[in-house]
Amino acid sequence: MNKIGLFQSLKTDTWVKPFLTKYKNVLALALFLGFLTFFCGGALMFNSGFLISRSASIPENILLVYIPIVLTRAFGIGRPVFRYLERLTSHSWVLRMTSNLRLKLYNVVEKDAIFFKQAHRTGDILGLLAEDINHIQNLYLRTIFPTVIAWILYIFLIIGLGYFSVWFALVMLLLLGIVVFVLPLWSVVINGARQEKQKQMKNHLYTTLTDNVLGVSDWVFSQRGTEYVEAHKVLETELRQVDEKIKAFDRRRDFLLQGIFGVIAVALLVWASGRFPGVYGGLANWIAAFVLCVFPLIDAFAPLPAAAQETNVYKDSIDRFNALPDEQMGESGTVVDKPDGPIELTVSDLHFHYPSGKEVLHGFDLTIGAHQKLAILGRSGSGKSTFASLLRGDLVPTKGTILINGQSVADFGDSISDVIGVINQSPYLFHTTILNNLRIGNEAASEAEVWQVLAQVGLKEMVSALPEGLATMVDEAGLRFSGGERHRLALARILLKDTPIILLDEPTVGLDPITEQGVLETFFNVLNNKTIIWITHHLQGISMMDRVIFIEDGQLAMSGTPAQLAAENAHFQQLLAIDQGRM
């Protein structure tokens with residue numbers, strides 16, 4: 001039943017099955033080399049058994065053993081060579097597949113990162129990466145390849161024995177059939193469910209451990225660290241108990257498996273003794289040949305029960321992958337170019353809610369003209385950051401539209417970064433030179449252009465004073481610079497990019513008031529010819545804005561110029577008083 005479930009999952013699979021056809025030639029070669037490996041192993045022992053028996057009977061002519069000697073050498077060399085080639089081919093095939101799986105998984109997670117984060121915790125993502133991809137890899141290396149190769153050998157051996165004796169071929173059909181079919185089915189029924197439970201428990205450990213490590217400060221501050229450790233020990237104990245049950249069953253099954261191979265060897269010995277009696281040219285020499293060839297074939301059939309019982313786990317992994325969103329690299333068809341001329345941003349009847357969550361934004365209209373300076377105010381959780389994500393096209397409205405010069409934001413795809421530049425609370429600087437950090441916005445920018453934007457943001461003298469100037473290495477995350485300097489460097493990067501719209505997502509949080517005022521003045525003076533959308537939670541520098549709006553409970557609560565609102569709007573007056581410390 002479980003194998004049928006795996007086949008059913010593969011039938012509708014869009015993640016793993018495509019690689020069966022994409023790399024079908026390499027797959028066929030790997031299976032053929034695997035068959036040759038075990039064929040050479042069995043043939044080596046067959047020839048060796050004949051050679052030993054024939055040599056012990058003192059052959060009348062050396063030519064009687066010359067051919068077995070040559071074949072023994074050939075099969076002895078062929079077995080490791082074919083084994084190496086099979087491993088090289090099969091692992092190459094699997095690595096191609098898993099690298100494509102990881103790329104596809106990244107594209108899915110990256111494309112819908114925000115939605116994905118809402119539906120999956122960090123531990124779930126680690127479970128996909130660490131457990132599921134490894135299980136998909138093992139699906140081929142430990143189940144599909146060994147099973148198909150064993151089936152080929154099984155058919156080959158029965159046909160070969162049938163040439164000598166039909167009835168004995170039927171006996172071996174039954175005995176080997178127990179190994180090839182009965183024991184794997186037994187393993188699936190008994191141990192397969194345990195392995196699926198083991199995998200689910202591991203994924204649960206990934207999730208809980210990751211979440212608890214990320215939130216370890218909460219456990220410490222709430223003085224519940226001991227409680228967490230005890231809970232984790234309980235999970236590990238349950239996992240160990242499942243592991244022990246699996247191992248105990250494996251030991252009993254493997255003992256039975258070796259017993260069946262012993263019966264097969266004895267049956268071959270009895271049959272060969274009757275089929276090749278010691279008369280007429282030393283026919284008894286074939287007895288050892290038939291019996292010895294059994295032992296290398298054990299390596300082909302022994303892994304089948306263990307491989308079969310893991311099909312539950314593979315099915316679960318395939319289902320988890322296929323439950324992910326479809327990969328769509330170009331979801332809106334043709335990606336539009338950066339618009340020319342003045343840019344107007346229009347928001348119409350905007351609604352948005354996260355999966356399984358309440359509606360964050362519900363029904364407001366807004367028009368942002370070219371070169372307008374707009375401030376967006378609102379309490380924490382009012383929808384400001386969600387609105388910023390919608391503007392960038394990172395989220396798609398549940399209802400309504402956001403248009404740039406009449407074109408949907410979603411249609412811009414990755415090229416939205418050519419239209420809207422973002423400076424957030426913690427601008428990130430990479431561990432490379434200042435020059436490379438700034439050229440991220442425009443790789444073709446000359447050093448003269450870089451110095452020009454540094455002068456605009458007030459950092460030219462500071463960078464010039466550094467011993468290596470633009471070649472100065474930036475520490476990880478830019479920690480050698482102050483908060484204000486990091487924001488100015490981020491602004492210089494935006495200026496090199498030359499986007500018409502600049503989104504400031506609370507960029508001065510954490511800065512002292514003097515530095516904050518200086519950074520804001522620099523921003524608004526340098527970006528005077530740009531459209532600025534400034535998301536903020538307080539009002540310092542608000543007088544430099546052309547327009548102020550307030551989002552409350554997902555709706556547009558007030559709108560106007562700073563002067564109008566300060567004179568006429570009681571709510572805005574109260575906010576000003578609080579911000580200036582008068583209340």
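What share of the contacts in the protein chain with a separation of 6 or more comes from residues 24 or more positions apart? I looked it up: residues 24 or more positions apart account for 75% of those contacts, where contact means heavy atoms within 4.5 Å.

**Ground rules**

I am working on a predicted model, in which local features need pLDDT of at least 70 and side-chain atom pairs count only at pLDDT 80 or more, while totals for chains, interfaces and linings use all residues. Residues are numbered from 1 along each chain as its sequence is written, and side-chain values use heavy atoms, with hydrogens and water left out.

**Overview**

I counted 21 helices and ten strands in the protein chain. Both are DSSP runs numbered from the N terminus: helices are H or I with at least four residues, strands are E with at least two. Of the 583 residues, 46% count as buried. The cut-offs I keep for this: buried is under 20% relative accessible area, exposed is over 50%, and partly exposed is in between (1.4 Å probe, protein chains only).

How do I describe a helix pair? Two packed helices are described by the angle between their axes and the distance between the axes. The axes are lines fitted to C-alpha atoms, for helices over the stretch in contact, and the angles run from 0 to 180 degrees between N-to-C directions.

I started with α3 (residues 24-56) and α10 (residues 285-292), which pack at about 155° with their axes 7 Å apart. The two are therefore roughly antiparallel. My scale for that word: under 35 degrees is roughly parallel, over 145 roughly antiparallel, 65 to 115 roughly perpendicular, and the rest oblique. α3 passes α10 in a right-handed crossing; a crossing is right-handed if the near helix is turned clockwise from the far one by less than a right angle, and left-handed if anticlockwise.

From α3, the residues M45, F46, G49, F50, S53 and R54 meet N285, W286, A288, A289, F290 and L292 of α10. I sorted the residues of this contact into eight nonpolar, three polar and one charged. The classes are Ala, Val, Leu, Ile, Met, Phe, Trp, Tyr, Cys and Pro as nonpolar, Asp, Glu, Lys and Arg as charged, and the others, Gly among them, as polar.

**Helix α3 against α11**

Next I checked α3 with α11 (residues 294-301): the angle is about 160° and the axes are 7 Å apart. That makes α3 roughly antiparallel to α11. This crossing is right-handed. F38, G41, G42 and M45 of α3 make the contact with P296, L297, D299 and A300 of α11. The tally here is five nonpolar, two polar and one charged.

**Helix α16 against α18**

Further along, α16 (residues 447-456) packs on α18 (residues 483-497) at about 130°, axes 9 Å apart. The pair is therefore oblique, and α16 passes α18 in a right-handed crossing. E449, V450, V453, L454 and Q456 in α16 meet L489, A492, L495 and L496 in α18. I get seven nonpolar, one polar and one charged.

**Aromatic rings**

How many aromatic pairs are there? The count comes to 16, with rings of Phe, Tyr and Trp (its six-membered ring) paired if their centres lie within 6.5 Å; planes under 30 degrees apart are stacked, over 60 edge-to-face, and the rest tilted.

I looked at F39 and F156, an edge-to-face pair with 5.7 Å centre to centre and 80° between the planes. F39 lies in α3 and F156 in α6 (residues 122-164), so the pair ties together parts 117 residues apart in sequence. F39 is partly exposed at 30% relative accessibility, and F156 is partly exposed at 41%.

Then Y163 and F164: their ring centres are 5.3 Å apart and the planes stand at 85°, so this pair is edge-to-face. Y163 is exposed at 69%, while F164 is partly exposed at 31%. Both belong to one aromatic cluster that also includes F46, F50, W167, F168, W271, W286 and F290.

Is K199 buried or exposed? K199, in α7 (residues 166-214), is buried at 2% relative accessible area. Its C-alpha sits 9.3 Å from that of L239, 40 residues apart along the chain.

D250 is in α9 (residues 225-275) and is buried at 18%. Leaving out residues up to four places away in sequence, D250 touches N191 and Q309.
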